[in-house]
Amino acid sequence: MATILDGKAHADRMLEAVRLGVEARKAGGLRAPGLAVVLVGDDPASQVYVRNKSAACAKVGITSLEHRLPAETPQAELDALIDRLNADPEVDGILVQLPLPKGLDSKRALHRISPTKDVDGFHPVNQGLLLEGLPGLRPCTPSACMSLLAHHGVDLKGLRAVVLGRSEIVGKPMALMLLEQHATVTIAHSRTRDLPAVCREADLLVAAVGRPGLVEGSWIKPGAVVVDVGINRIEDEALGARIFAAEPKKLETLRAKGAVLCGDVRFGEAMQVASAVTPVPGGVGPLTIAGLLTNTLQAANG
Ligand code: GUN
């Protein structure tokens with residue numbers, strides 16, 4: 001049986017480090033870091049994320065400033081808000097919650113955020129710094145995954161890493177961070193030929209495609225470390241039964257709780273083959289917010 005890599009426990013460690021950093025600022029006569037969160041429209045998942053972010057800020061002493069705008073907000077108004085936040089000395093970090101409603105250009109919004117306040121690490125300047133291996137604000141999910149791997153003593157030097165997914169938010173930056181730590185990195189995606197065979201090469205498999213249960217036990221190299229970034233809600237009962245075939249009790253519990261959540265990896269199958277696996281929920285999910293607050297403290301400290 002594989003070890004479970006407990007993301008919640010590691011997120012708590014990261015948050016405690018942020019809390020101490022905030023205390024140290026205050027002891028030095030500086031104000032608490034300020035994080036501005038911009039939420040446009042009423043996407044239910046986004047509302048949950050934003051609520052969780054505010055609660056986490058309160059725990060570590062970061063001031064959270066929420067800006068809610070209606071879905072019909074014109075781009076010029078969103079631009080103007082970002083400009084105001086860029087100029088506001090009380091604001092250290094700006095996060096525009098994605099996805100934006102139809103009609104708004106998210107790239108344009110993200111590019112407008114000052115790179116020094118870009119706590120998501122999505123601005124081209126920060127992407128460029130990451131590409132060059134220089135310090136900057138780095139995307140929260142992959143940097144927190146790297147921190148989790150380091151904490152568990154996973155030596156990345158020379159190992160074969162396969163990153164499944166090529167998003168700007170996780171796949172691409174994760175691949176760069178692994179490369180920086182001297183892993184041999186393959187980025188695989190939906191068009192990759194013989195995906196199972198590519199995955200089977202991986203000593204470290206990072207799945208970030210948003211496809212529930214895509215990665216089966218037979219895709220995993222015995223002894224591999226598996227990081228599952230996917231958080232998917234399964235509505236289809238038959239699909240749920242297939243994915244959770246190795247753990248019917250868990251499926252029952254999830255159904256009773258009202259939401260069948262599943263990663264991109266079949267956790268029960270992975271546990272039989274891998275040496276270590278992140279669970280869903282309780283794996284990478286809690287790490288993202290911990291990464292965000294780490295970045296907010298970093299932005300405040302300059
Ligand atoms: N929506 C889902 N994940 C993210 C994220 O990491 N950052 C932002 N800004 N929006 C998101």
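This is a predicted model: local features need pLDDT of at least 70, side-chain atom pairs count only at pLDDT 80 or more; totals for chains, interfaces and linings use all residues.
Student: Leaving aside neighbours within four places in sequence, which residues is Gly-165 in contact with?

Tutor: Gly-165 is one of the positions that UniProt, in an unreviewed entry, gives under the feature "binding site". With its neighbours within four places in sequence left aside, the contacts of Gly-165 are Val-170, Gly-171, His-189, Ala-207, Ala-208 and Val-209.

Student: Where is Ile-231 found, and is Ile-231 buried, partly exposed or exposed?

Tutor: Ile-231 also belongs to the "binding site" feature of the unreviewed UniProt entry, and is found in the loop between β8 (225–228) and β9 (232–233). Leaving aside neighbours within four places in sequence, Ile-231 is in contact with Leu-261, Gly-263, Val-280 and Gly-285. Because 18 other C-beta atoms lie within 10 Å of Ile-231, this residue is partly exposed.

Student: In what order do the 6 strands of the open sheet run, and which are the edge strands?

Tutor: The 6 strands of this open sheet pair in the parallel sense, in the order β1-β11-β8-β7-β5-β6. Pairing on one side only is what marks the edge strands, and these are β1 (3–4) and β6 (184–188).

Student: Which residue in β8 is the bridge partner of Ala-207?

Tutor: Strand β7, which covers residues 204–207, pairs with β8 in the parallel sense over 4 bridges. For Ala-207, the bridge partner in β8 is Asp-228.

Student: Turning to the open sheet of 3 strands, why is one side of β3 and of β4 left without a neighbour in the sheet?

Tutor: The order of this sheet is β3-β2-β4, and the pairing is parallel. One side of β3 (63–69) and one side of β4 (93–96) lack a neighbour in the sheet because both strands stand at the edges, where each has a single partner strand. From one strand to the next, the twist averages 15°.

Student: Which helix packs on that sheet, and what angle does its direction make with that of β2?

Tutor: Strand β2, residues 34–40, pairs with β4 in the parallel sense over 4 bridges, and Ala-36 has Ile-94 of β4 as its bridge partner. The helix that packs on the sheet is α3 (residues 75–87), which touches β2, β3 and β4, and its direction makes with that of β2 an angle of about 175°.

Student: How far apart in space are Thr-116 and Asn-86, C-alpha to C-alpha?

Tutor: Thr-116 lies in the loop between α4 (106–112) and α5 (124–132), and is partly exposed because 17 other C-beta atoms lie within 10 Å. Thr-116 and Asn-86 are 30 residues apart in sequence, while in space their C-alpha atoms are separated by 9.1 Å.

Student: Which residues lie around the ligand, and how many of them are nonpolar?

Tutor: The residues around the ligand are Leu-95, Val-96, Gln-97, Leu-98, Asp-120, Cys-140, Ile-169 and Thr-288. By class, this shell has 2 polar residues and 1 charged residue, and its number of nonpolar residues is 5.

Terms used
Residues are numbered from 1 along each chain as its sequence is written. A residue is near a molecule or strand if its C-beta atom, placed from the backbone, lies within 6 Å of it. Ala, Val, Leu, Ile, Met, Phe, Trp, Tyr, Cys and Pro count as nonpolar, Asp, Glu, Lys and Arg as charged, and the others, Gly among them, as polar. UniProt positions are given in the numbering used here, feature names are shortened, and annotations may be inferred rather than shown by experiment. Two residues are in contact if their C-beta atoms, placed from the backbone, lie within 7 Å. Helices (H or I, at least four residues) and strands (E, at least two) are DSSP runs, numbered from the N terminus. A residue is buried if 20 or more other C-beta atoms lie within 10 Å of its own, exposed if 12 or fewer, and partly exposed in between; C-beta atoms are placed from the backbone. Two strands pair if DSSP finds at least two bridges between them. Axes are lines fitted to C-alpha atoms, for helices over the stretch in contact, and angles run from 0 to 180 degrees between N-to-C directions.
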